[in-house]
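Please read it with the coordinates open.

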Amino acid sequence: MSKAAIVSNSSGSNTGVILRTENITKVFPGTVALDQVNYNIYQGKINVLVGENGAGKSTLMKILVGNEQCTKGRVILEGEEIHVRSPEDAMRHGIGIIYQELDLCPNMSISENIFLAREVVHRGIIDKRTQQQRTRELIQRLERKIDPNTLVSELRIGAQQIVTIAKALAQDTRILVMDEPTSALSTTEVEVLFRVIYELKSHGITIVYISHKLDEVLQIGDCITVLRDGRLVAEEVVKNVDLHWVIEKMIGRKLETLFTRKRHKIGKVLLRVEDITLPRVGGGYEVNHASFELHKGEILGIYGMKGAGRSEMLECLVGANPRATGKIWLGGQDIGGNTTLKRIQAGLVLVPEDRQRDGLVLTLSVTHNMILASLEKYLNRFRLFLVKKKEEKAVNTLIKELSIRVADPRNLVVSLSGGNQQKVVVAKGLLTSPKVLMLDEPTRGIDVGAKHEVFEIMENLAAQGYGILFVSSELKEILAMSDRIMVMSKGTITGEFTKEEATESKLINASVVGNGLANEGKQ
Amino acid sequence: MSEGKATKTKRLQYITRTGVIQLLLRGRVFLALIIVITVFTLLSPGFLNIANIIIMSKHVAIFGILGIGMTFVILSAGIDLSVGSIVGLSAMIAGGLINEGIQLPQFGVIIYPNTWMVIIITLLVGIVMGAINGLVITRFKVAPFIATLGMLYIARGFAGLRNNGYTFSNLIGKPEFGNTGFERLGASSFLGVNYSIWIMAVFALVAYLVSTRLPFGRHVYALGGNRRAAALSGVRTHRTETIVYMISGFCSAMVGLIIASQLVAAHPATGTAFELTAIAAVVLGGTSLMGGRGSIGGTIIGAFVIGVLSDGLVILGFSTFLQNIIKGIVIVGAVVIDQIQIKMQERIALQRQESK
């Protein structure tokens, strides 16, 4: 615990640890999400927590606020062990959380939301006036002027964020966890939020701040903790560190050792996309007139922040969104008007970002998942029945080719580890004999070894002449893997770089165009 | 030598207490069936006589056939509440066709379709009703519960309208119209087994093959397990879902025909509340109401449990009230056990992972 000592000494004050975890371990079906984590939260500080996707940040927080139970380990609040079995328990101990996706009921008013499940009751009847009065006070404390009777659905995202904070404060929160609070906010809203956070800090409230946006983290944080692959790798005072230090700790090894591409020949145009547009409900665009080309044997990386429209664009390409417009040619053939099935048959296939939500049918076996998109290949002579032998042959070939570790392909797909589940989704795509493979965050939530294997698979496929679209939020990955990189921001393609041109700062700058973070004047 | 020993101990590990419990839980419906039959036989020695078996198997056939259609619907994460009403409507359609024919007053003729045509037309009506369910659900995004609840009322209404609430009786046809023999569907038997049982057996076999060996079957499972993943894999979700309700409508029409034939009469209230028994058979058979998990075989055994249970309780002289209570307990109990088994499987999977 020498590191803890460093922090409290160098911070130059006598504030101590308000909450710490001892050897917290969490096992999920398929992965060890947290591995003996000793995490410290310092009283009255803004504690920032960073790590790559799947490093275990959210899981750790879910355990602290009672949404998950740890497999092993202890949570100690002010020197005493506590057992947090539910969010209500956490609340009783003064631990509150604001989630990435706002957990408000849009059909109810602000005050109803703030007092949801804790209604102020007078003789069995909800005391509306008191609730509204208290809501007004809370909102004023957050420097806002909103009528407590406003429906949440009528508020802008930034204002909704304020409501969730008010909701947490209404419950005498001493430790407030903020999970990616700025992911949906505009620049001005972020500034307001930061002011609110400083204000909370001045009232002695301890903040835990989780974010992907490292510049933000360094701006606002007092102490920083880095998680990597479920382990706590570093803890420091923010003013002693810089961006390089953080990235190095997060990734854990140099770019060169992560993956090196072999170069191979890139062929002629395989996929041409023109003016792909997806209007956003309520104005604007999710995907704004995107046009690009993809060549044979090329890996085209698509970088951008969360919500930049990358996944949405891929879904438009595969025909999953009926509101999308635009033209698509695959190998010279116009497939713009086709259904998902026809596009898959033409050779376009998507490996979706959220494999459990969009990629896998968790109630089915490995085999049945793998062959789901290519069933017509395993029919008998009369094209009626599925032939088990053909299915097994295809599945076993892919299991060997992608080295998927599975005891028996007849087992349910949930029994596999995250990395192997991802490979099953890739295998499902490959079995449709595609020409273009679209991989949306293929390395999300899988361990380092499995990542390496996924990259190897991508490399081999590209060498075989597949065109690969590769979406990632991780700079290092995208720089290492892509022949060409396209950057998206707010639905628009804001930059395109060859492998030689691309640098981290160029990509980041392009990814915040229109966000106002870097180029405020442009919008 | 030592290697052989190692594999032996490894194998022995599988026969642990949790292993045995798992096996019992998996075969629970079958176990329940055996227990029910054993208990009834012990309580009433004449329980398993030929007459009882024939009555019971006829009831089982009706719920089995309805359950087959319902299994597809529930596997796709839907529900079909209109089953009983479509049974009634089909019975009335068949009865009307035999007794009154198709009247075309503008031409001054009445067409009496022969018995085979009656059966085919009735089945088509069932399929169309199912298709309407499916289209309302897929095109207009109406929740299956609501869409089929509407159809429950509408089909029952049409069943009553067909003959102003009266029964079509004496459905034996007339030799001069060439439409005799309808009653044979319910009364005759082949190899000593009633036709309705054969129909259930054939339906069950076909449904088993469709659900396990046809791409369509896989699509239904995928639809119920994860609609988004299915759509992104190229499954035509609207089409698959619509067909599922058409199958259910078809099975309901078949049951309507069987009942009308067995009674040699068609009453507009035929099949009231049958949908609930069909759902109970499916759920008893281990199919998850969340969709994506279950089997036709389970449903058939579930139908046997329900059939034997309800007839057995009647034979043993239990009151209707007591019968209802027991049936309710059995159905909820089955689902409770289902949940326990899922939890246990998860725990075992976790333990395996940690030990790795």
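**Notes on the predicted model**

1. Overall build of chain A. The chain holds 19 helices and 23 strands. Its C-alpha trace spans about 75 × 50 × 50 Å along the principal axes. The radius of gyration is 25 Å; a compact globule of 523 residues would have one near 24 Å, so the two agree. Buried residues account for 47% of the 523 residues.

2. Strand β10 of chain A. This strand covers residues 175-179 and is mostly covered, with 5 of its 5 residues buried. A:I175, A:V177 and A:D179 point one way, while A:L176 and A:M178 point the other way. Both sets are buried. In a regular strand, side chains alternate between the two faces of the sheet.

3. Partners of β10(A). Which strands pair with it in parallel? Strand β7 (residues 95-98) of chain A is one, joined to β10(A) by 4 bridges. Here A:I95 has A:I175 as its bridge partner. Strand β11 (residues 206-210) of chain A is another, running parallel to β10(A) with 5 bridges. A:V177 is bridged to A:V208 in β11(A).

4. Strand β19 of chain A. Residues 348-351 form this strand; A:L348 and A:L350 point one way, A:V349 and A:V351 the other way, and all are buried. Strand β20 (residues 436-440) of chain A pairs with β19(A) in the parallel sense over 4 bridges. The bridge partner of A:L348 in β20(A) is A:V436.

5. An antiparallel sheet in chain A. Is the pairing among β15-β14-β17-β18 parallel or antiparallel? It is antiparallel, and the 4 strands form an open sheet in that order. The edge strands are β15 (285-295) and β18 (333-334), each pairing on one side only. Strand β14 (residues 269-279) is linked to β15(A) by 7 bridges in the antiparallel sense. A:V269 finds its bridge partner in A:H295 of β15(A). Strands of a sheet pair through backbone hydrogen bonds, either parallel or antiparallel.

6. Helix α19 of chain A. In this helix (residues 504-511), the buried residues are A:L507, A:A510 and A:S511. They cover an arc of only 100 degrees around the axis, so they sit on the same side of α19(A). What do the buried residues of α19(A) pack against? The elements are β16 (299-304), α18 (475-481), β22 (484-489) and β23 (492-498) of chain A.

7. The contact between chains A and B. Chain A gives 27 residues to it and chain B gives 22 residues. On the side of chain A that touches chain B, α12 (340-346) and α13 (355-359) of chain A each supply at least two residues. That side of chain A divides into 18 nonpolar, 5 polar and 4 charged residues.

8. Helix α7 of chain B. The helix (residues 144-162) has 19 residues and reaches 26 Å from first C-alpha to last, close to the 27 Å expected at 1.5 Å a residue. Its buried residues are B:P144, B:A147, B:T148, B:M151, B:A155, B:R156, B:A159 and B:R162. Why do they count as one side of α7(B)? Because they cover an arc of only 160 degrees around the axis. B:Y153 and B:L161, on the other side of α7(B), are exposed. The cover over the buried residues of α7(B) includes α5 (83-99) and α6 (115-139) of chain B. After α7(B) comes B:N164, with a positive phi near 50 degrees.

9. A buried glutamate in chain B. B:E241 lies in helix α12 (residues 237-263) of chain B. It has 26 C-beta neighbours inside 10 Å, so it counts as buried. Leaving aside neighbours within four places in sequence, B:E241 is in contact with B:S76, B:G78, B:G134, B:I137, B:T138 and B:L223. B:E241 and B:A77 are 164 residues apart in sequence, yet 9.5 Å apart in space, C-alpha to C-alpha.

How values were computed: Residues numbered from 1 in each chain as written. Chains lettered and ligands numbered in written order. Predicted model: local features only at pLDDT ≥ 70, side-chain atom pairs only at ≥ 80, totals over all residues. Rg over C-alpha atoms; globule rule 2.2 N^0.38 Å. Buried ≥ 20, exposed ≤ 12 C-beta atoms within 10 Å, placed from the backbone. Expected span 1.5 Å × (residues − 1). Arc of directions from axis to C-beta. Contact = placed C-beta atoms within 7 Å. Pairing = 2+ DSSP bridges. Nonpolar A, V, L, I, M, F, W, Y, C, P; charged D, E, K, R; others polar.
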